[in-house]
Amino acid sequence: MENDLHHRIVHAILEIDEEETLKLTKESLEKLPPEKVISALSEGLRQMGDLFEKGQRYIPELVIAAEFVDKAFKILEPHLRQGEERKAGGWKGAKVVVATVEGDIHDLGKNLVSTMLSAAGFQVIDLGKDVSAETIVSKVEETDAQVVGLSALLTTTMAHQEEVIKLLTKRGIREKVKVIVGGAPASQSWAEQIGADAYAENAMEAVRKVKALLGGEP
Ligand code: B12
């Protein structure tokens, strides 16, 4: 059942079939945890990306698919929130600045991370996409955020994650804030290479890692 729905969702996305994707998303929610539905939707987009790379899908198709997958994420959002809100503890005061780095307009994954963190009780300051290191670091200074989450989906923009860390150091606030990085080209070894405190592969893991960075359950 789980596998079947997963494959049907991936297939619907590859066929750029909005109606079927949204119908299957709703149907899956009755049978699967929302996290599993997210992973099927993300897998569909990932495969779209692979086809795009091979010249078998084009930008307009990627744009359309991204838009309707975003609608599917919105359907899932209240269900995701429920799960996290049940577990939300004393994180209310903890501030997390989140942004997609400069030059990068991919924001679906970053939005999911923000949603999950705020459902878990964090005060999320989401600066959006294509945000300069200067803007991110100034916001950290202004808000006294304990954590900054940096998203990058392009190999050409991931260097800006490092730029943010360097600027935090230059401003003398690197020790005050934990840095977590994510996005398709990022990895644990990339995080270590640039001196980030953590890497998370998905939004659920991001919540776990941010909690761990702040010392575990409050
Ligand atoms: C959808 C999409 C687009 C959409 C974006 C729409 C939007 N509003 O975001 C559009 C069509 C606009 C787009 C444009 C481009 N794209 Co694009 N895109 C994708 C695609 C297919 C899916 C990305 C996505 O949304 N996935 C679903 C979400 C839920 O997953 P996610 O982003 O990975 O996020 C999860 C985790 O990574 C993690 N995470 C994400 N951020 C963060 C942050 C933190 C702090 C943490 C802890 C975790 C975390 O948690 C998230 C949730 O679980 C990817 C394929 C891929 N493999 O990723 C290509 C891909 C990223 N794009 C690519 C390219 C090349 C481009 C363009 C340059 C194409 C062009 N020639 O114009 C432009 C770039 C524009 C720019 N300047 O940014 C390449 C990048 C190749 C590379 N090596 O750099 C990819 C990999 C496709 C490919 N295989 O070739 N793209």
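**Strands, helices and one threonine**

Student: How do strand 3 (residues 147–151) and strand 4 pair, and over how many bridges?

Tutor: They run parallel, with 5 bridges between them. Strands count as paired if DSSP finds at least two bridges between them. This is a predicted model, where local features need pLDDT of at least 70 and side-chain atom pairs count only at pLDDT 80 or more, while totals for chains, interfaces and linings use all residues. Residues are numbered from 1 along each chain as its sequence is written, and side-chain values use heavy atoms, leaving out hydrogens and water.

Student: Which residue in strand 4 is the bridge partner of Gly-149?

Tutor: Ile-180.

Student: And is strand 4 largely enclosed or left open?

Tutor: Strand 4 (residues 178–182) has 4 of its 5 residues buried, so the rest of the structure largely encloses it. Buried means under 20% relative accessible area, exposed over 50%, and partly exposed in between, with a 1.4 Å probe and protein chains only.

Student: What's the strand order in the sheet?

Tutor: The 5 strands make an open sheet ordered 2-1-3-4-5, with parallel pairing.

Student: How many bridges hold strand 1 to strand 2?

Tutor: Strand 1 (residues 95–100) has 4 bridges to strand 2, also in parallel. Within that pair, Val-97 is bridged to Ile-125.

Student: Zooming out, how many helices and strands are there?

Tutor: The protein chain has 9 helices and 5 strands. These are DSSP runs numbered from the N terminus: H or I of at least four residues for helices, E of at least two for strands. Along the sequence the pattern is α-α-α-α-β-α-β-α-β-α-β-α-β-α. The radius of gyration is 18 Å, close to the 17 Å from the globule rule for 218 residues, so the chain is as compact as a globular protein of that length. That radius is over C-alpha atoms, and the rule is 2.2 Å times the number of residues to the power 0.38.

Student: What share of the residues is buried?

Tutor: 44% of the 218.

Student: New topic: where does Thr-115 sit?

Tutor: Thr-115 is in helix 5 (residues 108–119). Its relative accessibility is 11%, so Thr-115 counts as buried.

Student: What does Thr-115 touch, not counting residues up to four places away in sequence?

Tutor: Glu-77 and Arg-81, where contact means heavy atoms within 4.5 Å.

Student: What about contacts between residues at least 6 apart in sequence?

Tutor: Of those, 72% join residues at least 24 apart.
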